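Q: Hi! Could you walk me through this one while I have it open?
A: Happy to, just send your questions.

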Amino acid sequence: MQKEHEAPALVQKARARLLKKLADEIAALETAIAATIKTTPDFAKRAEIIQSVPGFAEGTAMALLGGLPELGQVSDEVAAALMGVAPYDDDSGKRRGERCIKGGRRWVRNALYMPCVGAATLNNPVFKAFYERLIAKGKPPKVAIVACMRKLIIILNTMIARGETWDPKKYRVA
């Protein structure tokens with residue numbers, strides 16, 4: 001039954017060639033971005049600060065440097081809004097609606113999602129405790145992850161503004 005949905009061999013080979021070409025292009029771009037970061041002192045310092053956060057690596061630093069160049073130069077509220085993790089209300093009159101995130105730079109938010117999942121559930125004890133506390137309060141897991149993303153971007157904004165690396169004692173999440 002599944003064979004009827006299978007693409008012909010010629011199409012499969014063409015698809016494989018295209019995917020390999022895309023993978024090669026992505027690798028070349030990542031290499032160029034990494035080289036630019038290493039040769040630009042300001043970017044190198046910011047990347048070092050970002051990568052000092054447990055759970056964040058070179059890919060996360062590249063996404064944040066490319067997608068949020070304002071990080072460290074704007075207020076915390078603006079940083080959260082630019083990334084699209086600021087909670088917006090849905091109130092009208094006496095009705096108090098649910099808060100939700102919207103707007104911002106979706107591709108940056110998407111790039112930061114999985115590193116935040118890792119930081120909140122595995123790699124970063126500070127955010128793991130924050131995440132678990134939100135879950136214990138009855139928040140859905142995705143809401144807790146977005147809350148962690150917001151806290152993390154605010155902390156990164158402060159760290160970059162001050163030129164400081166990660167210190168778990170200094171950046172406890174209340």
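Q: Is Ile26 buried, partly exposed or exposed, and what is the relative accessible area?
A: In this predicted model, Ile26 has a relative accessible area of 47%. Buried would need under 20% and exposed over 50%, so Ile26 counts as partly exposed.

Q: Which helix is Ile26 in?
A: Ile26 sits in helix H1, residues 9–39.

Q: Switching to the inside: which residues touch the most other members of the largest nonpolar core?
A: Those are Ile50, Phe56, Leu64, Met83, Leu112, Ile153 and Leu156, out of 40 residues in that core.

Q: Which helix gives the most to this core?
A: That's H7, with 11 residues.

Q: How far does H7 reach, then?
A: Helix H7 (residues 141–162) spans 31 Å from first C-alpha to last, close to the 32 Å expected for its 22 residues. Gly163 follows H7, with a positive phi near 70°.

Q: Back to Met83, what is in contact with Met83 beyond its sequence neighbours within four places?
A: Leu68, Gly104, Arg105, Val108, Arg109, Leu112, Met149 and Ile153.

Q: Last one: where is Ala44, and what does Ala44 touch?
A: Ala44 lies in helix H2, residues 41–51. Setting aside neighbours within four places in sequence, Ala44 is in contact with Ile37 and Lys38. Ala44 is partly exposed, at 28% relative accessibility.

Definitions and conventions
Residues are numbered from 1 along each chain as its sequence is written. This is a predicted model: local features need pLDDT of at least 70, side-chain atom pairs count only at pLDDT 80 or more; totals for chains, interfaces and linings use all residues. Side-chain values use heavy atoms; hydrogens and water are left out. Helices (H or I, at least four residues) and strands (E, at least two) are DSSP runs, numbered from the N terminus. Buried means under 20% relative accessible area, exposed over 50%, partly exposed in between (1.4 Å probe, protein chains only). The expected span of a helix is 1.5 Å times one less than its number of residues. Contact means heavy atoms within 4.5 Å. A nonpolar core is a set of buried Ala, Val, Leu, Ile, Met, Phe, Trp, Tyr and Cys residues joined through side-chain atoms within 4.5 Å.
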